[in-house]
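Please look over the two-chain model below before reading on.

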Amino acid sequence: MQDGPWTAQNWAQAFQRLQQQAFGGNAAPPFDPANMRLLLETLQRFTCGLTGEPPPQDGSARLRELYDLWIDCAESAYAVIAHEPAFAAAQAATINEAYKSQANMRSLVERLAQQFGLATLAEVDALRERIAALEAAPAPVKARRKPARAQRPRAKTAARRGGTRAGTSKPRR
Amino acid sequence: MTATAFDSPGWQREWLELASRGAVLAQTLATLAPEPAGAARDAVWAHGKSTLYRYRACTESSSRRPLLVVFAMVNRPDVLDLQPDRSLIRGLLGKGIDVYLIDWGRADRADRKLGLDHYLGQCMDGAVAHMLAANPGVRAVDVLGVCQGGTLALCYTALHARHVANLVTMITPVDFKTPDNLLSKWAQGLDVDLIASAGNVPGELLNALFVALKPFRLTQQKYFHLLAKPHDRAQLETFMRLERWIFDSPEQPAEVFRQFVRDLYQQNQLMRGEFVIGGQRVDLRRIRQPVLNVFASRDHLVPPSASRPLGQLIASRDYTALEIDTGHIGIYVSRAAQTLSARVAAWLAEREAARKPSRAKRKRG
């Protein structure tokens, strides 16, 4: 490549400047170390990708080609980092901590709700479970509750398994 | 790199062209209203929030044996019938197959304690019972399981072997701990009991994880590529339908999440023959039916390494592995994948044809 900003030499210089920014001097790096590493490794791949390539032709395909190369490099650099045990542990820890925080918040809200005499989520859940248990109760119990049902003609196989023929009963929503 | 290099007339033209494409794209997107374009179907049975649909035939039936399609619970099954020219379901209907689909519905908090024993033992088994009752003379159905639905189909077949004649699995994880499975690596450290104790797992969380597997492609590049054909309404409509499907993720019932992540992703119990559903051990060696295992070579969610081992785990003597050069979503909607339905139909037809002479021989005997 002769002209334009995309010479390998230019990218190498930009890459060197970023490295100096990140690791040299006393200035704080603009990103956290993982993101900086990702950026640097992406740039390194991008530079290698540009080296030896024929100059892109005129037209909008040029930008797209460069963009696609950048994305390919970013994904391959990210894949290396994302597969590392430290990254996997950080992903899981982020989710676990979010759920711990949610559990603490929920416990706080439940205590407040009790003080104001409002139904708590735990109480609503308990009611739901009772309803589900009643719905799943064995046939004789249901028959005692609604004697008329027992006189209906016996349903076929599918109904015996707890299903309903669509059209006669809609699925619970 | 100097800023002046961008000032050359060639680059200025290029940026301007990109900007004008962006304006056209915004205009086209604003006027798009893609309607759902699924094939006609009827709800024929329901249990809990699950519904069994039967698709209306569009051609004369070529087989007496119906096919039950089982999709994942983490997404809606709409992608199997996205639109007329991108539809696995229509492809199968076009080959004369009587297609049923079990839709798991949208779980809510009341379903958080429902585990796989409910979904397989009651919903899927009830659906199969209905299909058998509706097709007198048929003793077993064909099953096509997709993604997580493929794992469910495998478990169902192992537990209810006599109800399944032929099994097709598509992009189905079996070995959940292969070295290239990024999702599995991230899942190892999850505190599953803590997460499940909070209730159902939101679809948004799962989607965020899926997107984080390929963040640059899935949050930037696919949108940038829309600039290539900003006038193409048909292509943009397909894209919008797919986007709508991707981000329409139902909640995962807490108990199903616990079983899937702890037992399968963390402990790899299906591979080790230790997975238990409703008190019954899932032994894949009980699968003696013909099995067609389809997987995608560029799948980032279910890498081929997660699907390939199936052949060694089952007792079937008729096992076919079919690798397609596409990705996880491409297997539903890419143009190349549109031939898949024909291949599945042909594979089923061959098994049906092989069965007929042996049946006739038995009768004569």
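Does B:Gly279 count as buried or exposed? At 68% relative accessibility, B:Gly279 counts as exposed, where exposed means over 50% relative accessible area, buried under 20% and partly exposed in between, with a 1.4 Å probe and protein chains only. This glycine belongs to the loop that runs between β9 (276-277) and β10 (280-281) of chain B, helices (H or I, at least four residues) and strands (E, at least two) being DSSP runs numbered from the N terminus.

The model is predicted, so local features need pLDDT of at least 70 and side-chain atom pairs count only at pLDDT 80 or more, whereas totals for chains, interfaces and linings use all residues. Residues are numbered from 1 along each chain as its sequence is written, chains are lettered from A and ligands numbered from 1 in the order in which they are written, and side-chain values use heavy atoms, with hydrogens and water left out.

Chain A has eight helices and zero strands, and buried residues make up 27% of its 173 residues. In chain B, helix α7 (residues 203-213) is largely enclosed by the rest of the structure, because eight of its eleven residues are buried; among them are B:Leu206, B:Phe210 and B:Leu213.

Over all chains there are 33 salt bridges, each defined as a side-chain nitrogen of Lys or Arg within 4 Å of a carboxyl oxygen of Asp or Glu. Three of them are listed here.

| Pair | Closest N to O |
|---|---|
| B:Asp248 and B:Arg106 | 2.9 Å |

B:Lys113 is exposed, with a relative accessible area of 55%, while A:Glu129 counts as partly exposed at 33% relative accessibility. Both B:Asp111 and B:Lys49, by contrast, are buried.

B:Arg86 is also buried, yet has no salt bridge, and the nearest side chain of opposite charge, B:Asp85, is 4.1 Å away (Lys and Arg count as positive, Asp and Glu as negative, and His and the chain ends are not counted). The side chain of B:Arg86 does reach the backbone oxygen of B:Val333 at 2.9 Å.

How values were computed:
Polar contact = N/O pair within 3.5 Å; in protein donor to acceptor, adjacent residues only side chain to side chain.
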